[in-house]
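Let's sit down together and learn how to read a structure, one feature at a time. Have the viewer open and follow along.

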Amino acid sequence: MKKLTALLLALALTLSLTACGAPAAQSTQTPAPTPASDPTAAPTPEPTKAPEPDPDVITYPVTVTDQLGRDVVIEAQPERLVSGYYISTSLLIALGLEDKLVGVEAKAASRNIYQLSAPEIIDLPSVGTAKEFDLEGCAALEPDLVILPAKLKDVIPSLEELGIAAIAVNPEDEALLEEAVAILGEATNTVAQAQALLAFHNEQLSALTKDLAGLEAPTVYLASNSALLSCAGPEMYQNDLIEQAGGANAAADITDDYWADVSYEQILAWDPDYIILAADAEYTVESVLEDENLQDCAAVKNGSVFQFPNDVEAWDSPVPSAILGSMWLASILHPEYGASNWQDAVTEYYQTFYGFDAVVGAAAGAEG
Amino acid sequence: MARPAEKRNIALCAAAGILMLAAALASLLVGKYPLSLAALLGGDEGQLRVFLTLRLPRTVMAALGGFALGAAGYVFQTVFRNPLAAPDMIGVSSGASAGAAFAILFLPATAASVTGSAFTGGLLAVGVALGLSALAPGGKNASIVLAGIAVHALAQTALMALKLAADPERQLASIEYWIMGSLNAITLGKIPFYCAVCVVALIGVFLLHRQIVLLSVEEGEARMLGVPVGRMRLLVLVLATLVVASVISVTGVISFIGLLAPHIARLLTKDNRLSTLTLSGLMGGVLLLVADILARSAATSELPVSIFTSLIGAPFLLYLILRGNGGERHAA
């Protein structure tokens with residue numbers, strides 16, 4: 001169901017983009033943009049001096065199709081942005097738009113990435129959480145464009161009534177994330193930067209795929225933030241992450257499309273080679289290693305229990321830097337792949353797109 | 001009551017008992033981990049460990065929990081002379097839910113802290129309800145029920161406030177799953193204390209079965225029959241609360257058994273005595289065992305057990321009602 005929706009959205013986006021003569025959106029299937037117009041070469045296009053239309057420059061008004069399939073007309077280049085979702089906020093920073101943000105989601109102070117790259121964001125007014133959106137507070141900020149998670153779709157009609165343009169993003173898997181990057185790039189006139197971001201992602205991904213080719217895939221049990229007995233099934237973004245990292249999801253036969261509850265018996269029956277905890281899990285690697293009900297599980301016997309590092313972002317969720325999560329996991333599952341690949345990519349990514357030096361542990365969560 | 005009816009009731013209880021044993025046996029045999037009888041008898045250590053620390057405790061908890069909820073439901077319905085009375089009438093489930101949510105938000109994330117906090121929350125809510133009702137003049141059933149409703153509402157409000165403060169991805173999901181009730185996280189280490197409390201309180205309830213029936217008649221009459229109504233009611237309610245709280249603090253809220261099992265029992269026995277109390281418990285046990293077997297095997301992941309208690313129980317109850325020979329006999 002999710003996949004079908006994703007496909008339809010991707011189709012709708014591609015159609016609408018070709019229709020209005022804008023550059024074709026990042027296809028959800030092809031891995032890399034065409035090298036003919038290398039986006040990294042021209043990160044800051046100058047709109048004034050181009051005699052013929054530069055595909056990287058948006059002429060307003062522009063119509064974009066958001067990830068709920070809505071056509072949104074943006075009259076002029078948005079100068080005041082509100083983001084109600086940490087993934088879109090992080091994305092806007094990567095697109096170099098942090099100065100245009102006037103409001104962000106609640107609990108911004110808890111995101112390391114803001115502290116490190118754009119600390120001024122933390123003091124911006126909060127427009128609420130994914131549960132409770134502060135409509136009036138948002139309107140008071142007089143934004144030109146509001147970016148919301150698809151979860152908050154109930155808010156959108158009210159925003160429309162107030163005459164505020166709103167775009168819903170739904171980066172629940174890799175294809176949707178790429179699509180969200182393209183949509184925001186177009187809506188905010190940062191197409192080149194958006195393409196650079198996608199190019200980084202795709203280059204790293206193809207390099208990773210090449211490096212891991214032919215290696216045997218160990219089984220991985222990925223436990224959720226809320227509990228050890230809750231895991232990622234094959235329909236989830238995290239399943240792609242495991243596979244990109246050269247692993248096999250132990251819970252591949254689960255039919256849930258969200259975090260699924262399982263029993264200890266189930267874990268023992270799967271007997272995964274690795275148990276990986278989500279980045280924001282409140283239970284610890286130690287508690288899993290000491291769990292007497294799992295002493296017969298291969299991962300616990302071999303001490304192969306790790307937690308996603310959370311020094312900068314939760315790399316196990318579809319954040320713009322998600323590829324770094326796959327690379328970290330690859331370095332855990334395949335020691336021969338090496339942690340240096342991952343660390344180099346982390347350094348490059350945050351310097352290029354966020355302008356700070358990321359410091360991460362060699363193998364955070366590693367067990368001694 | 002004529003003798004044939006009594007014989008029939010004993011036969012009914014025996015049949016329900018056999019059914020429950022069969023369900024328990026099935027529960028021991030069904031699960032995600034491939035246990036084999038040969039390996040178990042052959043002394044395979046890994047298999048034995050899975051059986052003893054996971055499979056057996058889960059079955060015990062389902063059997064005891066179902067029995068306890070059914071029996072406690074009977075007690076609440078009888079004492080309050082209300083066919084819709086359930087443990088939550090005096091706040092135990094909502095108190096336990098608020099307690100569990102509190103632990104998920106503020107206490108170190110261990111299974112023991114959530115269970116302990118839920119148990120405390122359930123008892124606290126009932127304690128407040130009973131305390132408040134004692135302040136009311138007369139100490140009648142009505143004032144207990146009203147105090148219970150007030151406490152229930154307060155506990156729900158606390159729960160809502162806690163949910164609002166919860167992190168939607170981690171804590172809110174945990175709270176919701178806890179409230180839905182499941183036996184998937186039952187292990188040997190978790191249950192001994194709560195099982196002991198439950199068994200002791202259940203024994204108390206069974207010893208007082210005559211007094212419970214007397215509480216269901218008019219208060220004046222009961223007093224004439226020599227029952228110290230106020231104190232007896234308090235004792236019975238505290239025991240029934242302990243029974244319920246000790247179960248749901250381990251399993252999460254399991255809906256419907258407490259309401260359903262006594263009705264099924266009453267429609268079968270057509271009286272309101274020890275046999276009905278026993279049969280309420282046995283029907284509850286069967287319901288929860290079967291529901292849990294389905295919860296762990298119907299899908300590839302674990303499902304909330306409450307879905308199945310209602311799904312199996314409700315049609316059976318309807319069948320008994322439509323069969324037409326069940327009367328409104330909840331009041332003795």
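**Reading the fold and the contact**

Q: What share of the contacts in chain A with a separation of 6 or more comes from residues 24 or more positions apart?
A: Keep in mind that this is a predicted model. In chain A, residues 24 or more positions apart make up 61% of the contacts with a separation of 6 or more.

Q: How many helices and strands does chain A have?
A: Look for 13 helices and 12 strands in chain A. Of its 368 residues, 52% count as buried.

Q: Now to chain B. How does the span of helix α3 compare with the one expected at 1.5 Å a residue?
A: Helix α3 of chain B covers residues 45-79, and its 35 residues reach 49 Å from first C-alpha to last, close to the expected 51 Å. There is a bend of about 40° in α3(B), at Phe51(B). After the helix comes Arg81(B), with a positive phi near 50°.

Q: Why is α3(B) described as largely enclosed by the rest of the structure?
A: Count neighbours: a residue is buried if 20 or more other C-beta atoms lie within 10 Å of its own. In α3(B), 27 of the 35 residues are buried, so the rest of the structure largely encloses this helix.

Definitions and conventions. Residues are numbered from 1 along each chain as its sequence is written. Chains are lettered from A and ligands numbered from 1 in the order in which they are written. This is a predicted model: local features need pLDDT of at least 70, side-chain atom pairs count only at pLDDT 80 or more; totals for chains, interfaces and linings use all residues. Helices (H or I, at least four residues) and strands (E, at least two) are DSSP runs, numbered from the N terminus. The expected span of a helix is 1.5 Å times one less than its number of residues. The bend at a residue is the angle between axes fitted to the seven residues ending there and the seven starting there. A residue is buried if 20 or more other C-beta atoms lie within 10 Å of its own, exposed if 12 or fewer, and partly exposed in between; C-beta atoms are placed from the backbone. Two residues are in contact if their C-beta atoms, placed from the backbone, lie within 7 Å.
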